[in-house]
Amino acid sequence: MITGAISEIKSLLGKPSNIVIVPHKNPDGDAMGSTLGLYHYLLKCKHDVVVIAPNDYPDFIKWLPGDETVLKYENQPEVTASLINRASVIFTLDFNALHRAGDNYGDLIEASDAIKVMIDHHQQPDDYAKYTYSDVSMSSTSEMVYNFIEMMGNLDAIDATIATCLYTGIMTDTGSFRFPSTTSRTHHVVADLIDKGANNAEIHNNVYDTNSYSRLQLLGRAMQNLKVVPELRTAYISLSQAELDSFNFKKGDTEGFVNYGLSLKGIIFAAIFIENKAEGIVKISFRSKGEFSVNEFARAHFNGGGHTNAAGGRSQSTLEETVDKFISILPQYKSQLSQK
Ligand code: 5GP
Ligand code: MN
């Protein structure tokens with residue numbers, strides 16, 4: 001925690017500064033909700049602030065207030081690099097290691113002289129920031145930004161705009177307040193955000209009820225591809241590039257698909273394998289229920305990581321080889337996965 005550093009951060013932010021805020025690559029609802037929530041807060045404190053995302057993100061978060069101001073490193077490498085170079089403070093949000101911003105962008109952030117502040121809830125954070133606020137028990141980075149503003153003694157500064165961003169991040173990272181990371185404190189925070197002007201029904205609608213027809217058709221295909229290994233309480237889905245193409249795949253379309261595997265009765269481990277020919281990789285998402293750590297599984301076998309119950313990874317083998325590897329590894333975890 002950064003308790004001892006609060007007064008230092010208060011004085012650091014006591015005068016207007018050039019501040020850059022960075023979410024992880026392929027930002028999700030929490031990454032953008034937390035960065036834009038902090039953005040609006042720091043703007044109110046009279047700083048010169050910009051959010052620079054590593055790359056683009058799905059439409060279902062593009063309605064967030066301030067979205068039109070977000071720059072993408074991948075689209076404007078020179079402009080954004082000069083903003084990074086002149087920043088005096090860089091906040092990195094919702095990730096625990098600089099390579100999670102992408103290799104080149106991560107190197108650029110590392111090389112900058114700016115004072116770095118990490119706010120994050122992923123396990124095993126790297127030690128690159130001068131101030132690290134890391135708490136793996138937190139539901140979301142957005143909840144931590146609320147706490148951060150509280151530590152700054154400035155909860156009154158949270159207006160409807162900030163509340164909308166933070167509510168969105170908490171809602172998406174908790175699976176709409178259902179994952180075990182959702183605490184009574186989370187509900188207190190969310191209640192306060194509604195009091196401060198977050199329109200919960202509208203936010204839910206903006207995020208979850210803006211499906212395209214082709215995305216629902218793709219979901220149908222994913223469900224047809226769902227395989228179950230009942231004796232290891234595991235379910236997995238794969239989607240090839242050809243399948244994605246045939247359903248007009250757009251970034252974000254497969255968000256949440258992996259959770260359907262976990263919704264099967266008795267299943268405690270779910271995975272989805274998504275071929276990405278442009279990047280030459282298979283992107284994998286892992287989810288679990290209970291004590292089985294997908295963070296450790298993803299770290300050990302698929303160059304990834306994350307949380308105990310939600311993690312990601314990647315493979316440079318073909319889709320088929322990647323799935324075969326997964327199936328061949330599973331029996332090693334028999335004692336943890338099989339019915340007791
Ligand atoms: P998702 O499956 O939704 O992409 O990611 C689930 C969680 O795992 C998120 O908290 C995400 O930040 C983390 N995560 C996803 N991919 C990776 C990865 O390649 N490496 C690490 N360290 N974490 C990841
Ligand atoms: Mn998060």
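Two strands are taken to pair if DSSP finds at least two bridges between them. Strands (E, at least two residues) and helices (H or I, at least four) are DSSP runs, numbered from the N terminus. The structure is a predicted model, in which local features need pLDDT of at least 70, side-chain atom pairs count only at pLDDT 80 or more, and totals for chains, interfaces and linings use all residues. Residues are numbered from 1 along each chain as its sequence is written, while chains are lettered from A and ligands numbered from 1 in the order in which they are written.

Six strands form an open sheet with mixed pairing, in the order β7-β8-β9-β10-β12-β11. Its edge strands are β7 (227-229) and β11, each of which pairs on one side only. β7 is joined to β8 in the antiparallel sense over 3 bridges, with V228 opposite A235 of β8. The two strands make a hairpin with 4 residues between them, and R233 in the turn has a positive phi of about 45 degrees. Between β8 and β9 the pairing is parallel, over 6 bridges; here I237 stands opposite I272 in β9. Strands β9 (residues 269-276) and β10 (residues 281-288) are antiparallel and share 8 bridges. In this pair, A270 faces R287 of β10.

Burial was assigned from C-beta atoms placed from the backbone: a residue is buried if 20 or more other C-beta atoms lie within 10 Å of its own, exposed if 12 or fewer, and partly exposed in between. In β8, 6 of the 6 residues are buried, so this strand is largely enclosed by the rest of the structure. T234, Y236 and S238 point one way from β8, whereas A235, I237 and L239 point the other way.

A hairpin with 3 residues between the strands is formed by β11 and β12.

The shell around ligand 1 was defined by residues whose C-beta atom, placed from the backbone, lies within 6 Å of the ligand. H24, H122, S285, G304, G305, G306, H307, A310, A311, G312, G313 and R314 make up this shell. Two or more residues come from each of β11 (305-306) and β12 (310-315), and β12 gives the most, with 5 residues. By class, the shell holds 2 nonpolar, 9 polar and 1 charged residues, where Ala, Val, Leu, Ile, Met, Phe, Trp, Tyr, Cys and Pro count as nonpolar, Asp, Glu, Lys and Arg as charged, and the others, Gly among them, as polar.

Helix α9 (residues 213-224) has 12 residues and reaches 17 Å from its first C-alpha to its last, close to the expected 16 Å; the expected span is 1.5 Å times one less than the number of residues. The buried residues of α9 are R215, L218 and A222. Seen down the helix axis, they fall within an arc of 55 degrees and so line one face of α9, the arc being that of the directions from the axis to the C-beta atoms. Y213, L216, G220, M223 and Q224 are the exposed residues on the face turned away from the buried side. The buried residues of α9 pack against β8 (234-239) and α11 (257-262), contact being assigned where C-beta atoms, placed from the backbone, lie within 7 Å.

The 14 residues of helix α6 (residues 160-173) should span 20 Å, and the end C-alpha atoms are 20 Å apart, which agrees. Because 13 of the 14 residues are buried, α6 is largely enclosed by the rest of the structure. Just after α6, G175 takes a positive phi of about 60 degrees.

Positive phi values also occur at K46, about 75 degrees, and at D94, near 70 degrees, neither residue being a glycine. K46 lies in the loop between α2 (29-44) and β2 (48-53) and is exposed, with 11 other C-beta atoms within 10 Å. D94 lies in the loop between β4 (89-93) and α4 (103-111) and counts as buried, with 29 C-beta neighbours inside 10 Å.

Methods: Two residues are in contact if their C-beta atoms, placed from the backbone, lie within 7 Å.
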